[in-house]
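Open your viewer and have the selection tool ready. We will go from stop to stop, and at each one you will hear what to select.

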Amino acid sequence: MAPVSTERDLRLDLFRGIALWLIFLDHIPSNAVSWITIRNYGFSDATEIFVFISGYTAAFVYGRAMREHGFIVASARVLKRAWQIYVAHVFLFAIYLAEIAYVAHSFDNPLYTEEMGVLDFLKNPDVTIFQALILKFKPVNMDVLPLYIVLLLWFPPMLWLLQRTPSFALAGSALLYALTWWFDWSIPAYPAGTWVFNPFAWQLLFVFGAWCALGGAQRLARWTNSRVVIWLAAAYILFAFAIAMTWYFPRLAVFVPHALADAIYPIDKTNLDVLRIVHFLSLAVITVWFVPRDWPVLKSPAFWPAVVCGQHSLETFCLGVFLAFAAHFLFTEISNSLLTQIIVSLAGIAIMVGAAALISWYRQVERGPGPRPPSIEPGYAGRDA
Amino acid sequence: MMGRVLLTLALLALAGPAWAEMPATCRVAEPQIAHDFPLPRVMHALAAKRLDILVVGAGSSSLPGPTGAKNAFPARLQNALTEQLPGVDVSLTLNVKSGRTAEQMVKTLAPALQAAKPALMIWQTGTVDAMQSIDTDQFKAALDHGIAIAHSAGADVVLINAQYSPRTESMIALGTYAEIMRWVALQQEVPLFDRFSIMKLWADLGTFDLYSATKKLDIAESVHDCIGRLLAELVIEAAKPDEPHAEGGR
């Protein structure tokens with residue numbers, strides 16, 4: 001087993017923090033500010049960043065636990081983390097129900113008779129709530145946490161394998177991804193359809209993140225530092241950007257050759273389209289090239305707000321989902337002017353940063369006085385994975 | 001969004017006097033009307049001075065109340081076409097029932113087309129599919145299937161996607177399904193009436209207050225009237241024999 005650096009890579013926290021902000025902005029319906037987020041300029045979006053980094057940090061934290069305390073203890077901690085995420089999901093569902101019940105009570109418009117039918121499930125809450133508890137009912141924008149839960153449930157044996165034969169484990173993950181595409185495997189949802197994020201496909205990015213954390217990144221360095229690869233990545237990002245522009249300016253679409261359009265569309269998010277993976281990898285290659293691991297600016301106060309959010313990702317994510325509901329509520333009840341949208345978006349991010357800082361402070365208080373240990377402490381709450 | 005609004009205003013300044021009879025509120029959305037693909041069967045029907053239209057849709061193709069049928073967009077479309085196509089006999093058949101997914105509508109298409117023998121089938125769908133989170137591949141397959149049935153029955157197709165519904169946005173992923181319809185229209189080379197973008201533009205510009213909680217029908221009727229008129233414009237433009245369609249837009 002190659003020795004792995006023990007100091008936490010701040011870039012992970014930074015980019016996961018930024019990804020959480022982008023997910024928040026994208027989750028506010030009709031938000032003008034979401035035009036700055038990366039999903040508008042290429043194939044992949046913040047979800048890829050979040051899943052990859054979550055795989056990376058999970059391997060980092062639980063990999064160490066598995067080496068030091070064995071398989072059983074590490075697995076128990078992973079499962080505890082999955083349970084925490086499940087509880088968080090149910091909590092968010094309660095907020096979602098409250099919002100829907102409010103709209104059902106207060107909104108009426110003959111133009112939207114059909115759309116109001118979505119509230120009909122309030123008539124049989126027994127079924128809906130049960131389906132939500134078994135993760136089959138999928139409220140809009142609440143799909144990441146169920147994915148995360150399944151990825152973690154599956155993680156202990158994967159981590160065990162990754163530590164013994166990393167290449168074999170990664171190949172197995174890629175095989176599962178390929179078989180999923182071949183046989184259309186998916187998880188059914190209620191009342192119809194499938195999960196928005198298919199775990200059988202998305203596990204590839206999570207496992208790839210874990211593989212990178214356990215020494216894979218060093219093995220790849222020869223490639224990721226190569227000029228050819230960097231130029232290829234840049235070219236692909238430009239290509240994706242050009243295609244993305246045709247989504248907003250349909251008159252540009254005539255420049256996309258028919259054969260090319262047939263080949264690339266539809267770009268499947270549910271099953272993590274290959275185009276999306278390559279786009280994410282290209283972004284990662286360019287990012288790693290521009291932002292070295294030991295870049296001192298990473299510790300500067302300017303980056304601290306994103307870093308602290310990335311360090312408390314579960315809490316920040318859940319808060320972001322709630323804040324997106326609240327923002328939509330403000331838009332419908334008070335104003336949806338451009339200025340309001342900008343203010344609400346910025347205020348939401350400020351609240352996320354404030355909450356993450358508060359959690360950091362709590363952790364410090366609970367840990368007692370004294371300097372923070374140099375490497376991350378694999379606390380039994382399973383923090384930061 | 002701002003970019004689109006500015007673009008709209010700029011194009012508005014250029015919009016010609018051809019729009020004299022169209023209320024300004026409707027006209028705002030004119031640049032959103034793309035007639036990239038021709039309607040050859042409608043073209044023939046117009047030459048023969050008789051246009052039969054079948055409207056297939058769910059709840060958002062109708063309005064409640066005793067005057068609903070008269071004021072919903074299918075009737076407004078018929079009205080606008082009759083006005084603008086003097087001498088052409090425009091008849092309308094409705095296959096509208098709320099709560100139906102695209103797949104459920106497809107099952108009724110063959111007999112409905114058989115009975116009405118239309119030159120044009122206007123197909124509004126996507127809302128109920130979004131509400132039930134129907135598998136997107138299944139939704140796309142239903143659209144492809146429905147278009148094929150209409151074409152083989154000798155009818156051109158115009159697709160209409162979901163309404164923009166700001167109040168329920170955090171509960172129904174309408175945008176995803178509206179987007180799929182854009183792609184299917186492009187692939188199948190049929191015109192799409194992008195109701196989602198048009199209504200979103202109206203909401204952004206403040207043309208119609210789509211947030212208001214009301215039991216009154218006035219806004220709903222104005223929205224349907226505009227949709228009917230704009231739809232008529234799309235049909236007439238797409239069925240013009242001499243115009244090159246490849247450029248799209250206006």
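Select Lys117(B) to begin: does Lys117(B) count as buried or exposed? Lys117(B) counts as exposed, with 12 C-beta neighbours inside 10 Å. (A residue is buried with 20 or more other C-beta atoms within 10 Å of its own, exposed with 12 or fewer and partly exposed in between, the C-beta atoms being placed from the backbone.) You will find Lys117(B) in the loop between α6 (102-116) and β3 (120-124) of chain B. Its phi is near 45 degrees, a positive value in a residue other than glycine. Helices and strands here are DSSP runs, numbered from the N terminus: H or I of at least four residues for helices, E of at least two for strands.

A word on the model before moving on. It is predicted, so local features need pLDDT of at least 70 and side-chain atom pairs count only at pLDDT 80 or more, while totals for chains, interfaces and linings use all residues. Residues are numbered from 1 along each chain as its sequence is written, and chains are lettered from A and ligands numbered from 1 in the order in which they are written.

Next, select Asn141(A), in the loop between α3 (125-133) and α4 (144-153) of chain A. Asn141(A) has a positive phi too, of about 70 degrees, although it is not a glycine. Asn141(A) is buried, with 22 other C-beta atoms within 10 Å.

Now select residues 199-224 of chain A, which form helix α7. What is centred on Gly216(A)? A kink of about 80 degrees in α7(A), where the bend is the angle between axes fitted to the seven residues ending at a residue and the seven starting there. The end C-alpha atoms of α7(A) span only 27 Å, whereas a straight helix of 26 residues would span 38 Å at 1.5 Å a residue (1.5 Å times one less than the number of residues).

Stay in chain A and select Ala59(A) and Ala210(A). Of the 95 residues in the largest nonpolar core, these two touch the most other members. (Such a core is a set of buried Ala, Val, Leu, Ile, Met, Phe, Trp, Tyr and Cys residues joined through C-beta atoms within 7 Å.) α2(A) gives the most to this core, with 19 residues.

Last, bring up both chains. The contact takes 34 residues from chain A and 37 residues from chain B, residues being in contact if their C-beta atoms, placed from the backbone, lie within 7 Å. On the side of chain A that touches chain B, α2(A) gives the most, with four residues.

Notes. Contact = placed C-beta atoms within 7 Å.
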